[in-house]
Amino acid sequence: MKQGVQGSTGARAARVPAQQRPARAEAPARERDAAVPGAARGEHTHGERPVPAPGPRAAVRRSSVRGQILDALRTALVTGELLPGEVYSAPALGERFGVSATPVREAMQQLTLEGAVEVVPNRGFRVVRRGARELAELAEVRALIEVPVMLRLARTVPAERWAALRPLAEETVRAAACGCPATYAEADRAFHRALLALSGNEQLVGIAEDLHRRSQWPPVRHGRAGLVADAADHLALLDALSAGDCDVVRRLVGEHFAGAGRALPVPGRETGD
């Protein structure tokens with residue numbers, strides 16, 4: 001009788017399709033677990049199809065678009081294409097640049113942090129009016145931060161390190177000759193950034209560059225002649241730094257920042273009034 005039961009059981013097992021047998025299901029289960037991320041580690045999948053994580057390529061593309069729009073908006077500010085006091089919507093600017101409103105809105109949020117624009121609820125972003133007094137204050141703060149650093153560097157940095165910065169100073173001269181405020185603004189920041197980087201203080205470099213960017217719009221020195229004069233200061237400053245002449249360094253930097261903070265274009269009135 002016992003043998004009959006066993007035989008009956010074996011017969012039933014023989015009639016069960018191979019894919020339903022427990023002993024046979026073990027290998028496919030391992031293969032399924034390997035195909036489902038996390039299953040082999042005991043994570044609950046509840047039979048759901050795994051959702052692929054965003055690849056790095058998509059993140060890079062989005063960041064790149066946002067960065068390109070930010071650069072384009074900064075250029076539009078420096079050149080006066082975006083007018084102080086005017087309100088611009090993200091969808092309209094997105095259409096202009098051929099992108100969605102999202103990267104434009106993200107770029108505008110960065111410009112808000114930089115003090116270039118302000119949020120207008122349900123409308124967009126207004127370009128901030130920046131008057132002569134604010135420009136002069138920015139120039140004063142830059143001088144307070146950068147002059148002591150440059151004087152210290154003049155006493156401690158060897159002449160060959162200053163010589164390495166000459167190509168950047170010469171690049172500002174070439175950019176000034178083109179007469180494009182945006183091109184010159186970029187070369188100007190690159191020179192000052194490299195100069196202050198010799199201090200080894202990354203926090204200082206970041207703060208100084210933020211102040212520098214804020215002071216570049218609206219452009220204070222109009223025309224090619226003004227840009228050329230500003231660029232010439234860089235070459236003269238390098239010569240003084242290389243020679244360790246602190247008196248000349250102090251005078252040149254003071255004059256350089258004073259020129260950057262001079263009022264536009266109606267004497268006795270603040271710009272944008």
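Predicted model: local features only at pLDDT ≥ 70, side-chain atom pairs only at ≥ 80, totals over all residues.
Because Glu209 lies in helix H10 (residues 202-215) and Arg189 in helix H9, the pair ties together parts of the chain that are 20 residues apart in sequence. Arg189 has a relative accessibility of 7%, and therefore counts as buried, since buried means under 20% relative accessible area.

## Other salt bridges

How many salt bridges does the structure hold? There are 15, and one of them joins the side chains of Arg66 and Glu106 at 3.2 Å, N to O. This pair links distant parts of the chain, as Arg66 sits in helix H3 (residues 56-79) and Glu106 in helix H5, 40 residues apart. Arg66 is partly exposed at 29% relative accessibility, and Glu106, with a relative accessible area of 24%, is partly exposed as well.

A further salt bridge is formed by the side chains of Arg126 and Glu118, again with an N to O distance of 3.2 Å. Here Arg126 counts as partly exposed with a relative accessible area of 27%, and Glu118 is partly exposed at 36% relative accessibility.

## Glu114 in its loop

Glu114 is found in the loop that runs between helix H5 (101-113) and strand E2 (117-120). Is this residue buried or exposed? With a relative accessibility of 8%, Glu114 counts as buried, because the cut-off for buried is under 20% relative accessible area.

When its neighbours within four places in sequence are left aside, Glu114 is in contact with Arg74, Arg130, Asp210, Arg213 and Arg214.

## How helices H6 and H9 pack

Two packed helices are described by the angle between their axes and by the distance between those axes. Helix H6 (residues 132-156) and helix H9 (residues 181-197) pack at an angle of about 55°, and their axes are 10 Å apart. That angle makes H6 oblique to H9, and the crossing of the two helices is left-handed.

Which residues make the contact? From H6 they are Arg142, Glu146, Val149, Met150 and Leu153, while H9 contributes His192, Leu195 and Leu196. Sorted by class, the contact of H6 with H9 has five nonpolar residues, one polar residue and two charged residues.

Conventions
Residues numbered from 1 in each chain as written. Heavy atoms only, no water. Axes fitted to C-alpha atoms, helices over the stretch in contact; angles between N-to-C directions. Helix = DSSP H or I, 4+ residues; strand = E, 2+ residues; numbered from the N terminus. Parallel < 35°, antiparallel > 145°, perpendicular 65-115°, else oblique. Left-handed = near helix turned anticlockwise from the far one by under 90°. Contact = heavy atoms within 4.5 Å. Nonpolar A, V, L, I, M, F, W, Y, C, P; charged D, E, K, R; others polar. Buried < 20%, exposed > 50% of the residue type's maximum accessible area, 1.4 Å probe, protein only. Salt bridge = Lys/Arg side-chain N within 4 Å of Asp/Glu carboxyl O.
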